[in-house]
Amino acid sequence: MTPDFSPLINALENAPLLQNELCRVFHGRGHSIEALSHINLDFYPPSLFLVSYDEIDQATLNELTHTLWQWAQQHHPELITALVYQQRAGVQSSNQLVFGELPTPHVVKENGIGFLVDLTSRQNTGIFPDMRSGREFVAANSKQAKVLNLFSYTCGFSLAAMQGGADHVMNMDMSKGVLKVGKQNHQLNGFERGVSFLPHDILKSFGKLKKAAPFDLIIVDPPSFQKGSFILTKDYQKVLRRLPELLCDTTQLLLCANSPELSEEDFKALITEHTQGALEFVERLAPTARFIEVDSNKSLKALVYKAAHTAD
């Protein structure tokens, strides 16, 4: 039986497509519609980006992609000029350009910042749409700040910090490839001064970070699993234990976890246990628009902390 795909069309009709910025269109992974809980749909202008976390048979996939493309051509042919499908079932992902053509290079905008993305050759596109609220928090709290961006990936937080007026941002990630894209992102936006890129294993580099400390804003947004280098449920505490060495009295921190297995309360308990009372919880950031989750414990957790003030 073919699933009812009308919720995806309804989502398209209500998405802010005319803003021509990166946005989530349909968040099936939030489980609000169980029959479509394996599907997400994003808009990476000028392309729709369809992702399935289960295998879809070819006939069903053809019906779904044709339905989406037909809607796009009827309603926004000048805005949506491509459709890409990514299959995420199992260990390996596969991407295919189903309709249209993609720009080269492909740059998408978010709050006026340009990001280089790649929808066809790797699992991650170059930016995580669900972290928009986190990037907005960083932009709003970076004026004249010295910022540390750990597990920086392609440096989206760094771009937000520079837009917010940071004095300096230190980006650290063990992958030279993603840092190269991060550097290109900074060049694209004219943010070339006051930024550094360190291709190091964070778990082995705290001596270097301690020399550069203290920081006004620290961002920790690790992968939930990175083969051979980082497992969130096992390695996060190693980072947390060293954070107190990097603080000043006014340091703010954005600590993130995107693991369905780790509830908000368990994440808070982990932070409290391994930072030895050095941090004080402030708030959990609201989810990015259109990322509705039935169970918030299974969704992205972006928690704001500050340096705790102890009595003399």
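User: What should I know about numbering and confidence?
Analyst: Residues are numbered from 1 along each chain as its sequence is written. In this predicted model, local features need pLDDT of at least 70 and side-chain atom pairs count only at pLDDT 80 or more, while totals for chains, interfaces and linings use all residues; side-chain values use heavy atoms, with hydrogens and water left out.

User: Into which domains is the protein divided?
Analyst: Domain 1 covers 5-116 and domain 2 covers 129-307. The bounds come from an automatic or database domain assignment. Over C-alpha atoms, the two centres are 28 Å apart.

User: How many residues does the contact take from domain 1 and from domain 2?
Analyst: Contact means heavy atoms within 4.5 Å. By that rule, domain 1 gives 23 residues and domain 2 gives 18 residues.

User: What is the area buried between domain 1 and domain 2?
Analyst: About 1700 Å². Carbon and sulfur atoms give 52% of that area. Buried area is the accessible area (1.4 Å probe) that two parts lose on being put together, summed over both.

User: What makes Glu-110 and Arg-135 a salt bridge?
Analyst: The term asks for a side-chain nitrogen of Lys or Arg within 4 Å of a carboxyl oxygen of Asp or Glu. The closest N and O atoms of Glu-110 and Arg-135 are 2.7 Å apart, so the pair qualifies. Between domain 1 and domain 2 the count is two salt bridges. A search of the whole structure finds 12.

User: Which elements supply the side of domain 1 that touches domain 2?
Analyst: α1 (6-14), β1 (23-27), β2 (39-44), β6 (106-110) and β7 (113-117) each supply at least two residues. β7 has the largest share, four residues. Helices (H or I, at least four residues) and strands (E, at least two) are DSSP runs, numbered from the N terminus.

User: Why is the pair Arg-284 and Glu-264 said to tie parts together?
Analyst: Their closest N and O atoms are 2.8 Å apart, which makes a salt bridge. Arg-284 lies in strand β15 (residues 279-284) and Glu-264 in helix α8 (residues 264-274), so the pair joins parts 20 residues apart in sequence.

User: Why does Glu-264 count as buried?
Analyst: Buried means under 20% relative accessible area, exposed over 50%, and partly exposed in between (1.4 Å probe, protein chains only). Glu-264 has 15%, so it is buried.

User: Are Glu-265 and Lys-268 buried or exposed?
Analyst: Glu-265 is exposed, at 53%. Lys-268 is buried, at 17%. The two form a salt bridge, with the closest N and O atoms 3.7 Å apart. They sit three residues apart in helix α8, about one helical turn. Glu-264, Glu-265, Lys-268 and Arg-284 are linked in a network of salt bridges.

User: How do you know that Lys-306 and Glu-280 form a salt bridge?
Analyst: Their closest N and O atoms are 3.9 Å apart. Lys-306 is in strand β16 (residues 301-307) and Glu-280 in strand β15, 26 residues apart. Lys-306 is partly exposed at 34%, and Glu-280 is partly exposed at 35%.

User: What makes helix α4 mostly covered?
Analyst: Seven of the eight residues of α4 (residues 156-163) are buried. Among them are Phe-157, Leu-159 and Met-162. Just after α4, Gly-165 takes a positive phi of about 95°.
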